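Here is a briefing for a reader who meets this structure for the first time. Please look at the sequence and the fold before turning to the notes that follow.

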Amino acid sequence: MSDPNKRFTHESLADRKTIKTLLSSLAKGFSKGQMTLGDDKDELVLKTAGLMDLRIKAEREDGRCEVSLRVSWSDPEAPAQRKGAPRIES
């Protein structure tokens, strides 16, 4: 059985066209409900969920610009972990 806890990371210099292509591929993956991220070494397949948390952050500081996009969700194929009833003690 494969390890369900897997990570993919990639960092490189890229031009606008390459970044646009990668973002378009991510958009298609969200539309299809599944995306595969990979490079020469690793590959990670993610299935998307109905509702997802989205964070977009942008800043310009000291001559540098940055846009950060974070999307997170619960794995639809992972068994739901049930929490016990809440308990309050006083």
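Two strands are said to pair if DSSP finds at least two bridges between them, and helices (H or I, at least four residues) and strands (E, at least two) are DSSP runs numbered from the N terminus. The model is a predicted one, in which local features need pLDDT of at least 70 and side-chain atom pairs count only at pLDDT 80 or more, while totals for chains, interfaces and linings use all residues. Residues are numbered from 1 along each chain as its sequence is written, and side-chain values use heavy atoms, with hydrogens and water left out.

**Overall build**
- The protein contains one helix and four strands, and read from the N terminus these elements follow the order α-β-β-β-β.
- With a radius of gyration of 18 Å, well over the 12 Å that the globule rule gives for 90 residues, the protein is more spread out than a compact globule; the radius is taken over C-alpha atoms, and the rule is 2.2 Å times the number of residues to the power 0.38.
- The C-alpha trace spans about 55 × 40 × 25 Å along its principal axes.

**Surface, contacts and charge**
- Of the 90 residues, 7% are buried, where buried means under 20% relative accessible area, exposed over 50%, and partly exposed in between (1.4 Å probe, protein chains only).
- The accessible surface, computed by the Shrake-Rupley method with a 1.4 Å probe, is about 9200 Å², and carbon and sulfur atoms hold 49% of that surface.
- Among contacts (heavy atoms within 4.5 Å) with a separation of 6 or more, 31% join residues 24 or more positions apart.
- There are 17 positive and 15 negative side chains, and the centres of the two sets are 5 Å apart; Lys and Arg count as positive and Asp and Glu as negative, without His and the chain ends, and each charge is placed at NZ of Lys, CZ of Arg, CG of Asp or CD of Glu.

- Strand 1 (residues 34–38) pairs with strand 2 (residues 43–47) in the antiparallel sense over five bridges, and the two strands form a hairpin with four residues between them.
- Thr 36 belongs to strand 1, stands opposite Val 45 in strand 2, and counts as partly exposed at 47% relative accessibility.
- Leaving aside residues up to four places away in sequence, Thr 36 touches Glu 43, Leu 44 and Val 45.
- The C-alpha atoms of Thr 36 and Leu 46 are separated by 6.3 Å, although these residues are 10 residues apart along the chain.
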